[in-house]
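Visitor: Please take me through the labels used here. I want to hear what each one rests on.

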Amino acid sequence: MLRLSQILRRTMSKSEDEWRAVLSKEQFRVLRQKGTEAPGTGEYNKHFEQGTYYCAGCNAPLYKSTTKFDSGCGWPAYFDAIPGAVKRHEDRSMGMLRTEIVCAKCDGHLGHVFKGEGFKTPTDERHCVNSVSLTFKNE
């Protein structure tokens, strides 16, 4: 018997051509090829309306606006994700060790999470997320 997570994974299993057909060129570059948008350019960097941020690839809810804060890093920053929405992976690219975060439903690249930077948040974490990986819905 299949678990719900296995069924969801199957429904999000798309070929590269299928992803290209539903994502913009920039969304594909970031979500599927682990790219990064330039700092300060994303539409959600200075966005502080009340609501929920969703994965631009599969529409899974990822972050509540109540966890967003202004870190000054140039990308949207959150101190925590919706439980179970984000997976973490070790990332040794770019000559350093970082923690990559991806959508738990479609494995779309969101960005990276950093710990211990001293932000006055409940988790002392900064989820540094590419705006192009997100969509937003007001509450």
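Visitor: Why is K87 called partly exposed?
Guide: Its relative accessible area is 25%. Buried means under 20%, exposed over 50%, and partly exposed lies in between (1.4 Å probe, protein chains only). The value of K87 falls in between, so the label is partly exposed. This is a predicted model, where local features need pLDDT of at least 70 and side-chain atom pairs pLDDT 80 or more, while totals for chains, interfaces and linings use all residues. Residues are numbered from 1 along each chain as its sequence is written, and side-chain values use heavy atoms, without hydrogens or water.

Visitor: And what makes D107 partly exposed?
Guide: D107 has a relative accessible area of 28%.

Visitor: What other salt bridges does the structure hold?
Guide: There are 11 in the structure. One of them joins the side chains of D70 and K46, at 3.4 Å from N to O. D70 lies in the loop between β3 and β4, and K46 in the loop between α3 and β1, so this pair ties together parts 24 residues apart in sequence. R92 and E90 also meet in a salt bridge, at 2.8 Å. R88, K115 and E125 are linked in a network of salt bridges.

Visitor: D70 or K46: which is exposed, and which partly exposed?
Guide: K46 has a relative accessible area of 56%, so it is exposed. D70 stands at 46%, so it is partly exposed. R92 and E90 are both exposed.

Visitor: How do you know that β5 and β6 pair?
Guide: Two strands pair if DSSP finds at least two bridges between them. β5 (residues 86–91) and β6 (residues 98–103) have six, in the antiparallel sense.

Visitor: What makes β3 and β5 edge strands?
Guide: They belong to an open sheet of six strands, in the order β3-β4-β8-β7-β6-β5, with antiparallel pairing. β3 (68–69) and β5 each have a single partner strand, so one side of each is left without a neighbour in the sheet. β3 joins β4 (residues 77–78) by two bridges. Pairing asks for at least two, so they count as paired. F69 stands opposite A77.

Visitor: Which strands form the open sheet of three?
Guide: The order is β2-β1-β9, and the pairing is antiparallel. β2 (61–64) and β9 (134–138) are the edge strands, each pairing on one side only. β1 (residues 51–55) pairs with β9 over five bridges, and Y54 has T135 as its bridge partner in β9.

Visitor: Which residues of the largest nonpolar core touch the most other members?
Guide: L62, Y63 and V86, out of 24 residues. Such a core is a set of buried Ala, Val, Leu, Ile, Met, Phe, Trp, Tyr and Cys residues joined through side-chain atoms within 4.5 Å. α3, β1, β2, β6, β7 and β9 each supply at least two residues. V86 touches L62, Y63, A81, I101, V102, A104 and L110, leaving aside residues up to four places away in sequence.

Visitor: Which residues of α3 are buried?
Guide: In α3 (residues 25–32), they are Q27, F28, V30 and L31. These buried residues pack against α2 (16–22) and β7 (109–115). Just after α3, K34 takes a positive phi of about 60°.

Visitor: What pLDDT does the protein chain average?
Guide: The average is 91, and 91% of the residues score at least 70. pLDDT is the predictor's confidence in each residue, from 0 to 100. Over residues 1–11 it is below 50.

Conventions: Helix = DSSP H or I, 4+ residues; strand = E, 2+ residues; numbered from the N terminus. Contact = heavy atoms within 4.5 Å. Salt bridge = Lys/Arg side-chain N within 4 Å of Asp/Glu carboxyl O.
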